[in-house]
Amino acid sequence: MTTPIGGSPPDDFWRRPPPGGEGLPDRATASITGEHASPGAGVGPGGTTFGGYTGPPPSTPPPAGWRPPVHLQPAAPRSLPPQDMAALDMAEQRARRVTYSIGAVAGAVLLILVCLLCSRIVF
């Protein structure tokens with residue numbers, strides 16, 4: 001970052017240029033020429049013109065009814081097989097029982113370990 005030299009205020013770098021285009025770079029004060037310039041683009045205060053972004057170039061719309069070519073037609077979706085809800089419920093109950101059993105065994109082992117550690121500290 002450059003620091004201002006001299007007696008200018010610290011925020012002078014961020015101030016807008018004076019009206020009328022004085023103090024702007026040469027390419028910014030150049031008049032707009034070219035086929036893609038839109039009317040009113042690049043006109044500053046007081047009617048002065050300067051270069052800048054003039055917008056995207058014009059484009060031609062596609063013909064009416066145009067669609068991209070279709071090379072492959074997707075197959076119709078297949079139907080899913082029926083589900084046996086009673087079998088699903090039984091499988092979920094077995095899984096829940098196994099999960100609770102593993103949790104109970106792990107909790108019992110941790111409780112025994114804590115009791116052993118506490119009995120060593122007390123005695």
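This is a short tour of a predicted model, stop by stop. Residues are numbered from 1 along each chain as its sequence is written, and side-chain values use heavy atoms, with hydrogens and water left out. Because the model is predicted, local features need pLDDT of at least 70 and side-chain atom pairs count only at pLDDT 80 or more, while totals for chains, interfaces and linings use all residues.

Start with the whole chain, coloured by pLDDT (the predictor's confidence in each residue, from 0 to 100). The mean is 78, and 66% of the residues reach 70 or more.

Switch to a cartoon view.

Next, show the surface. Of the 123 residues, 3% are buried, meaning under 20% relative accessible area, where exposed is over 50% and partly exposed is in between (1.4 Å probe, protein chains only).

Now select residues 27-37. Here pLDDT stays under 50, and the model has 21 contacts beyond four places in sequence for this segment (contact: heavy atoms within 4.5 Å). Where pLDDT is low, the predicted coordinates should not be read in detail.

Move to helix H2, residues 85-122, and pick Leu-116 within it. Leu-116 belongs to a nonpolar surface patch with Val-105, Val-109, Leu-110, Ile-112 and Leu-113, about 570 Å² of accessible area together. Patch residues have over 30% relative accessible area and no salt bridge; like charges are joined within 9 Å, nonpolar side chains (Val, Leu, Ile, Met, Phe, Trp, Tyr) within 5 Å. A salt bridge is a side-chain nitrogen of Lys or Arg within 4 Å of a carboxyl oxygen of Asp or Glu.

Finally, select Cys-115 and Cys-118. The sulfur of Cys-115 has its closest cysteine sulfur in Cys-118, 6.8 Å away and too far for a bond. A disulfide requires the pair within 2.5 Å, and the whole structure has 0. Cys-115 is partly exposed at 46% relative accessible area, and Cys-118 is partly exposed at 43%.

Conventions. Accessible areas come from the Shrake-Rupley method with a 1.4 Å probe; for residues, only the protein chains shown count as cover. Helices (H or I, at least four residues) and strands (E, at least two) are DSSP runs, numbered from the N terminus.
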